[in-house]
Amino acid sequence: TGSLPSELGQLTALTWLGFNDNKLTGTLPTELGQLLALQYLYTYSNQLRGTLPTEFAKCTDLIVLSMWRNDLIGTIPTEFGLMTALQGLYLYDN
């Protein structure tokens with residue numbers, strides 16, 4: 001339960017980060033955009049809200065971004081087009 005701490009952005013060597021099927025609330029920290037080595041990010045099936053941070057576009061090694069079944073709103077940032085390694089983008093049920 002609770003929110004994702006912005007300090008996660010300091011774990012710059014992370015390649016995989018998963019917080020699925022919990023009761024996480026709050027918004028997605030923009031600091032996750034500092035995880036330049038990140039390849040897989042799973043935060044599906046929580047209660048996260050707000051918009052997708054444009055800072056995520058800095059994660060150009062990201063292969064899978066899975067954030068379905070949350071309370072996210074808005075549009076997909078055009079900057080996400082910079083994530084050329086992205087093979088899976090799962091945002092349904094938001």
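This is a predicted model: local features need pLDDT of at least 70, side-chain atom pairs count only at pLDDT 80 or more; totals for chains, interfaces and linings use all residues.
Let's begin with strand β5, which spans residues 47-50. On one side, β5 pairs with strand β3 (residues 24-27) in the parallel sense, over three bridges.

Now turn to the faces of β5. In a regular strand, side chains alternate between the two faces of the sheet. In β5, Leu 48 and Gly 50 make up the covered face, while Gln 47 and Arg 49 lie on the uncovered one.

Next comes the core. Nonpolar side chains tend to be buried together in soluble globular proteins. The largest nonpolar core here has 21 residues, and the members touching the most others are Leu 28, Leu 41, Phe 56 and Met 67. Take Leu 41 as your guide: beyond residues up to four places away in sequence, Leu 41 touches Leu 17, Phe 56, Leu 62, Val 64, Leu 65, Ser 66 and Met 67.

That list leads us to Ser 66, found in strand β6 (residues 64-66). Ser 66 counts as buried because its relative accessible area is 3%, under the 20% cut-off. Setting aside neighbours within four places in sequence, Ser 66 is in contact with Leu 41, Tyr 42, Thr 43, Tyr 44 and Tyr 90. The side chain of Ser 66 also makes a polar contact with the side chain of Trp 68, at 3.1 Å.

Terms used:
Residues are numbered from 1 along each chain as its sequence is written. Side-chain values use heavy atoms; hydrogens and water are left out. A nonpolar core is a set of buried Ala, Val, Leu, Ile, Met, Phe, Trp, Tyr and Cys residues joined through side-chain atoms within 4.5 Å. Buried means under 20% relative accessible area, exposed over 50%, partly exposed in between (1.4 Å probe, protein chains only). Contact means heavy atoms within 4.5 Å. Helices (H or I, at least four residues) and strands (E, at least two) are DSSP runs, numbered from the N terminus. Two strands pair if DSSP finds at least two bridges between them. A polar contact is a pair of N or O atoms within 3.5 Å; within protein, one must be able to donate a hydrogen and the other to accept it, and residues adjacent in sequence count only if both atoms are side-chain atoms.
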